[in-house]
Amino acid sequence: SAYVIAVGGTRFDGTINTAWSDAGSACSSVIAKQAWSPNDAPCSMRAAADLSAIADPQTGVASYIAKQGGWTPVGGTSAATPIVAALFAAAGHADARPQFVYAHRDAFIDVVAGVSGTCGGPLCNGVTGWDGPTGVGIPDQSKLLAIGNVVGGGPPVAISFPSDGATVKPEFTIQAAPDPATLWVDVQVDGARVERLDLDPWTTTAPATLAPGSHTVTVIAYDLDHNSQTASVGVTIGDSTPPKDDGICSAGGRGSAGGMVIVGLAAIAARRRKR
């Protein structure tokens with residue numbers, strides 16, 4: 001996928017990390033090469049992996065598995081992927097996409113040795129720069145922590161609909177108008193997320209369950225580094241219950257207008273009888 005970070009694997013011998021011999025690497029035959037794809041990848045399509053973490057079970061992560069007698073080392077995807085997910089989440093980049101990785105190569109420790117497979121070259125060997133088994137390297141969390149996450153430092157954003165102070169119907173349309181640097185937008189009503197929008201036209205619909213009365217619509221625009229900027233408007237949902245027919249203003253013969261016609265005709269008939 002072009003929307004997820006592909007995690008490769010390393011072996012750690014106590015001194016250095018090298019490409020794990022069973023780490024996966026490939027040029028996709030389905031996913032197109034993206035604008036952010038590494039130039040040093042020998043692929044005409046999407047290249048993987050993007051980065052890496054410890055994966056060799058022989059030098060893996062200690063996990064407690066009661067049925068296997070307690071602590072035991074685990075590796076493979078079961079180790080590398082959750083390690084990367086945890087590092088990114090703890091650094092405030094749980095929403096990061098592959099382009100984040102390539103925009104911040106200096107936040108990863110390059111793995112320059114080891115072999116995975118027999119294809120040769122950077123697609124199967126650990127080399128300087130990008131390589132298939134380890135991507136751009138191992139995350140350096142201290143450097144990840146220093147990137148972005150600035151509230152108010154993100155791309156400008158506005159709400160083009162509804163306007164501030166508008167009276168709207170239930171399930172009203174919400175239209176965000178973010179800056180081109182926006183990677184995604186969170187839409188909220190009264191602080192509760194309605195939807196995360198990733199593409200133009202940046203449009204969604206408010207919940208049908210919103211009660212009549214005042215509500216606050218908020219959109220938060222995020223850039224590549226999770227910097228954000230916010231815009232809000234206040235709206236009022238009118239009571240959507242149809243008004244009762246009290247017979248006072250009806251014009252179809254059931255209300256006062258019809259009654260006045262009948263009374264008028266009756267008065268004319270009475271005068272004629274008197275003559």
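Two strands are said to pair if DSSP finds at least two bridges between them. Strands (E, at least two residues) and helices (H or I, at least four) are DSSP runs, numbered from the N terminus. The structure is a predicted model, in which local features need pLDDT of at least 70 and side-chain atom pairs count only at pLDDT 80 or more, while totals for chains, interfaces and linings use all residues. Residues are numbered from 1 along each chain as its sequence is written, and side-chain values use heavy atoms, with hydrogens and water left out.

**Figure 1. Confidence along the chain.**
The pLDDT value is the predictor's confidence in each residue, on a scale from 0 to 100. The chain has an average pLDDT of 89, and 87% of the residues score at least 70. Over residues 250-270, by contrast, pLDDT stays under 50. For this stretch the model has ten contacts beyond four places in sequence, where contact means heavy atoms within 4.5 Å. Where pLDDT is low, the predicted coordinates should not be read in detail.

**Figure 2. Strand β1 and its partners β5 and β2.**
Strand β1 (residues 7-12) runs parallel to strand β5 (residues 51-54), and four bridges join the two. Within this pairing, Leu-51 of β5 is the bridge partner of Val-7. Strand β1 is also joined to strand β2 (residues 17-19), here by three bridges and in the antiparallel sense. Opposite Arg-11 stands Thr-18 in β2. The hairpin of β1 and β2 has four residues between the strands, and Gly-14 in this hairpin takes a positive phi near 100°.

**Figure 3. The surroundings of Thr-59.**
Thr-59 lies in the loop between β5 and β6 (61-65). With a relative accessibility of 19%, Thr-59 counts as buried, because buried means under 20% relative accessible area, whereas exposed means over 50% and partly exposed is in between (1.4 Å probe, protein chains only). Its side chain reaches the backbone nitrogen of Phe-12 at 3.3 Å. Beyond four places in sequence, Thr-59 touches Arg-11, Phe-12 and Ile-54.

**Figure 4. Ile-138 in strand β9.**
Ile-138 belongs to strand β9 (residues 138-139) and, at 15% relative accessibility, counts as buried. Although Ile-138 and Ala-53 are 85 residues apart along the chain, their C-alpha atoms are separated by 5.6 Å. Apart from neighbours within four places in sequence, the contacts of Ile-138 include Thr-10, Asn-17 and Ser-52. Ala-107, Phe-108, Ile-109 and Val-111 are also in contact with Ile-138.

Beyond four places in sequence, Phe-108 is in contact with several residues, among them Leu-51, Phe-88, Val-101 and Leu-144. In soluble globular proteins, nonpolar side chains tend to be buried together.

**Figure 5. The open sheet of β10, β12 and β15.**
Three strands form this open sheet in the order β10-β12-β15, with antiparallel pairing. Strands β10 (157-161) and β15 (203-205) stand at the edges, each with a single partner strand, so one side of each has no neighbour in the sheet. On average, neighbouring strands of the sheet are turned by 30° against each other, direction ignored; the axes are lines fitted to C-alpha atoms (for helices, over the stretch in contact), and angles run from 0 to 180 degrees between N-to-C directions. Four bridges link β10 with strand β12 (residues 173-178) in the antiparallel sense. Ala-177 in β12 is the bridge partner of Ala-158.

Most residues other than glycine have a negative phi, and most peptide bonds are trans. The peptide bond from Phe-161 to Pro-162 is cis, with omega near 0°, and Pro-162 is placed in the loop between β10 and β11 (166-168). Asp-200 and Pro-201 are likewise joined by a cis peptide bond, with omega about 25°; Pro-201 is found in the loop between β14 (192-197) and β15. Glu-171, in the loop between β11 and β12, has a positive phi of about 60° although it is not a glycine. This residue is partly exposed, at 48% relative accessibility. Asp-190, in the loop between β13 (184-189) and β14, is not a glycine either, yet has a positive phi of about 55°. With a relative accessible area of 44%, Asp-190 is partly exposed.

Notes:
Polar contact = N/O pair within 3.5 Å; in protein donor to acceptor, adjacent residues only side chain to side chain.
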